[in-house]
Amino acid sequence: MLKSLQAIEAYREGKQIAGTEAPWLEYIVQAEQTIVNLERVESLQSLEQQNPVLDYVERSLRVLDSLPLSYWIKELAEETLVWSETAKGGTVRQRRGWQAEGINIFVHNIGSAQLYRRYAEGLKQEAAGSREKRLVVHTLIETHGLIGQQIRGEVPPAVNLPLSGLVEHGLLSADELERLLFALNHCIISAVSPELWQEVRPRVMELIAVIAAGKLVLEVPMKERLRRMRAGSIAQGEDYEAEWDRLLQEGFLPDTLEPLQPMTFWYVESALQTFSLEQFLKVMSLVAGSRPQEVSHLSFEAVMNSIYYDYKGSKKINVYKKRIIEKYLAELSWEEIYSGKTPSGSNPHLVHRLLRKEHLPDTLFFQFEFSPAAEKLIEFCMEAEKSALYERAVLLLFDLFGLRRDAFDRFHNEDTYLSQMNDTADYKAVILDYVTGRKVLDIGPGGGVLLDLIEERMPEAVPVGIDISSNVIEALRQRKQREGRRWEVLQGDALNLKDYVEPGTVDTVIFSSILHELYSYVPLGGQKFNHDTVAAALASAFGVLADGGAIIIRDGIMSEPEDELRRVRFLEADGMAWLERYAEDFAGRPIRYEKLGPQEVRLPVNDAMEFLYTYTWGEEAYIHEVQEQFGYFTPSQYAAFIVQTLGDRAKIEVFRHYLQEGYTEALENRVVMMDDNGQSVPLPDSTCFIVIRKEAS
């Protein structure tokens with residue numbers, strides 16, 4: 001067994017560490033703050049009980065112990081591995097001292113090499129060859145992990161020149177360097193993931209051969225380096241080339257990124273991989289625009305540390321911060337980035353900063369800085385996820401940052417949102433019977449299920465999804481690339497379709513369960529819950545329709561007569577409390593009810609049904625549902641509204657309304673619906689289906 005493993009085992013058994021025998025181990029176990037790539041961690045809670053750096057070092061040493069290597073190669077590799085993580089260790093006091101001495105504790109390979117050099121210089125003069133061995137180990141520590149980082153685009157190839165120099169200066173033969181680099185990379189990558197090692201091994205071996213032969217290409221185009229940094233996003237379906245070209249047309253200037261060419265990037269994948277390419281390039285452009293002369297290292301460690309949090313025992317992306325950052329970057333134009341101007345109307349609760357730390361002139365730190373009030377509110381939202389306060393906390397956050405209320409679906413349940421949207425395929429398939437012509441717009445496509453159905457069942461059609469949410473569009477573009485879909489998506493406003501498609505060129509416009517969201521969330525004339533918003537959306541769709549084209553609506557409906565009353569008897573103990581809470585929180589209109597007993601109320605039929613929509617979906621959906629009014633017209637009101645809004649050329653071909661399947665089953669053991677005489681009656685209709693044809697002028 002390696003001596004280093006024996007030392008670790010002795011430490012784990014509670015034996016005293018003799019610092020002179022294993023100073024590297026003393027540094028690592030004294031770490032008072034966790035410094036780790038959070039991308040590789042499943043639970044942040046577990047970090048409190050573990051020393052992830054020591055665990056990682058031990059795993060890498062156990063891989064080394066199993067490899068059939070010569071004593072000389074194994075000895076060099078062992079000394080390299082035990083020292084390569086030491087800059088992540090030390091007490092807080094030690095780390096302050098190291099930093100004051102100029103040791104770069106934020107760029108861990110550099111800092112660890114500096115700690116090793118200080119240790120080696122403190123040793124007594126040893127036998128001949130000892131100095132050469134120390135030089136080799138120092139170089140290996142200083143370049144620790146850089147082969148993997150070069151593959152990922154995080155470092156320029158020139159950073160690995162010191163490895164080629166070991167052969168050039170006769171300290172190692174080319175064969176020895178190859179065997180040594182193979183062993184080290186096998187250990188450090190397998191310690192992260194054996195599967196990852198098998199995946200990248202061919203590329204690592206190829207690069208090792210180039211380094212050992214001294215044939216390194218010293219510069220890779222910045223576009224290619226950035227592409228490698230987006231490998232995870234590309235694997236998820238990001239069309240890098242198409243997005244790059246689109247951003248060029250919108251004002252992105254790639255040449256402005258050239259100052260970043262010589263720099264090494266730290267934690268960029270962990271911090272920025274979930275952001276879109278546009279957001280990623282805006283961050284990089286902000287850095288490049290700061291004119292980072294004489295900077296060798298760019299660290300996103302602060303962004304990484306702030307973008308993750310613990311949710312019910314699992315590591316989660318801090319979607320609260322992510323959404324706010326996305327909005328911040330979306331409102332930052334390319335022109336403003338290149339001019340260095342602060343955008344007008346920028347939110348005072350978030351800024352980006354580029355910082356340098358004392359004694360580290362060669363390292364630049366990028367971070368997003370939230371105001372103390374915003375930090376506290378975000379913390380409150382995370383804590384409130386476990387309580388009934390959650391909806392109130394999120395609404396405060398919406399107001400503070402001007403977020404769209406319907407963005408809630410992409411907060412802490414973001415991972416399941418689009419898949420849930422795709423589960424609605426059955427009722428959406430009915431829409432296809434009424435789709436006409438070739439060009440079809442799906443307004444608010446969600447997870448893209450309707451786009452899929454049109455593509456698969458109507459091969460002659462050209463389906464296009466339009467959504468206001470950049471997150472929905474980004475997810476759909478990635479899925480399109482990943483699955484080879486032919487449909488298209490555009491980010492756009494349903495109230496101004498003529499800005500995205502040519503008037504008179506569309507054959508079908510579909511509003512599938514989206515008009516009630518526009519009615520509820522989009523203020524027109526400063527007012528939400530506004531029929532004028534629905535009118536604007538229908539007029540916008542009608543304006544882009546070709547003659548003979550159709551608008552298809554599937555949405556909520558109200559019952560008539562509106563003054564009809566219903567009794568609701570709750571079969572669950574908390575049913576009345578639900579209604580009282582809902583009546584207080586519902587934003588659409590006043591909910592009127594009269595208590596008839598501890599578990600029974602009388603209320604207007606439409607107030608009853610509006611409440612039951614939310615009651616059906618339960619606590620997880622409450623904050624979203626309480627902000628939406630699903631029914632906003634009775635059937636006769638809707639028909640009259642269409643004629644009034646669209647004029648004589650709009651002919652209603654289909655108008656039916658019905659109770660959406662599933663509501664009766666979901667509520668049968670929770671409520672009894674009765675008429676005003678106490679007789680049990682079915683639930684009222686919930687949904688309408690309307691087809692409007694545009695006649696030729």
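## Helix packing

Axes are lines fitted to C-alpha atoms, for helices over the stretch in contact, and the angles between them run from 0 to 180 degrees between N-to-C directions. In this predicted model, helix α12 (residues 222–229) packs against helix α14 (residues 240–249) at an angle of about 125°, and their axes are 12 Å apart. That angle makes α12 oblique to α14. The crossing of α12 past α14 is right-handed.

## Overall architecture

The protein chain has 697 residues, of which 54% count as buried. Its secondary structure comes to 32 helices and 17 strands. Taken along the principal axes, the C-alpha atoms fill a box of roughly 100 × 60 × 45 Å.

G102 and L360 are 258 residues apart in sequence, yet their C-alpha atoms are 6.8 Å apart in space. G102 is found in the loop between α5 (92–100) and α6 (108–121). With a relative accessible area of 29%, G102 is partly exposed.

## Salt bridges

The structure holds 46 salt bridges. One of these joins R230 and E238, whose closest N and O atoms are 2.6 Å apart. R230 counts as buried, at 1% relative accessibility, and E238 is likewise buried, with a relative accessible area of 2%. Another salt bridge links R323 to E326, with the closest N and O atoms 2.4 Å apart. Both of these residues lie in helix α18 (residues 319–330), where they are 3 residues apart, about one turn of the helix. Both R323 and E326 are buried.

The side chains of D452 and R485 also meet in a salt bridge, at 3.4 Å from N to O. D452 lies in helix α24 (residues 449–457), whereas R485 lies in the loop between α25 (470–483) and β9 (488–491), so the pair ties together parts that are 33 residues apart in sequence. D452 is buried, with a relative accessible area of 10%. R485 is buried as well, with a relative accessible area of 18%, a value that falls under the 20% limit for a buried residue. Beyond these pairs, a network of salt bridges links E243, R246, E250, E278, K282 and R477.

## Backbone geometry

Most residues other than glycine have a negative phi, and most peptide bonds are trans. Y267 has a positive phi of about 65° although it is not a glycine. This residue sits in the loop between β1 (264–266) and α15 (268–272). Y267 is buried, with a relative accessible area of 10%.

S513 also has a positive phi, near 55°, and is a residue other than glycine. The location of S513 is the loop between β10 (506–512) and α26 (515–521). As for the peptide bonds, the one from E560 to P561 is cis, with omega near 5°. P561 belongs to the loop between β11 (545–556) and β12 (565–570).

## A nonpolar surface patch

F380, L389 and L396 make a nonpolar surface patch of about 260 Å². Among these residues, L396 lies in helix α21 (residues 390–401). L396 has a relative accessible area of 46% and is therefore partly exposed.

Notes. Residues numbered from 1 in each chain as written. Predicted model: local features only at pLDDT ≥ 70, side-chain atom pairs only at ≥ 80, totals over all residues. Heavy atoms only, no water. Patch = residues over 30% accessible without salt bridge, like charges linked within 9 Å, V, L, I, M, F, W, Y side chains within 5 Å. Areas by Shrake-Rupley, 256 points an atom, 1.4 Å probe, with all protein chains shown as cover. Salt bridge = Lys/Arg side-chain N within 4 Å of Asp/Glu carboxyl O. Helix = DSSP H or I, 4+ residues; strand = E, 2+ residues; numbered from the N terminus. Buried < 20%, exposed > 50% of the residue type's maximum accessible area, 1.4 Å probe, protein only. Parallel < 35°, antiparallel > 145°, perpendicular 65-115°, else oblique. Left-handed = near helix turned anticlockwise from the far one by under 90°.
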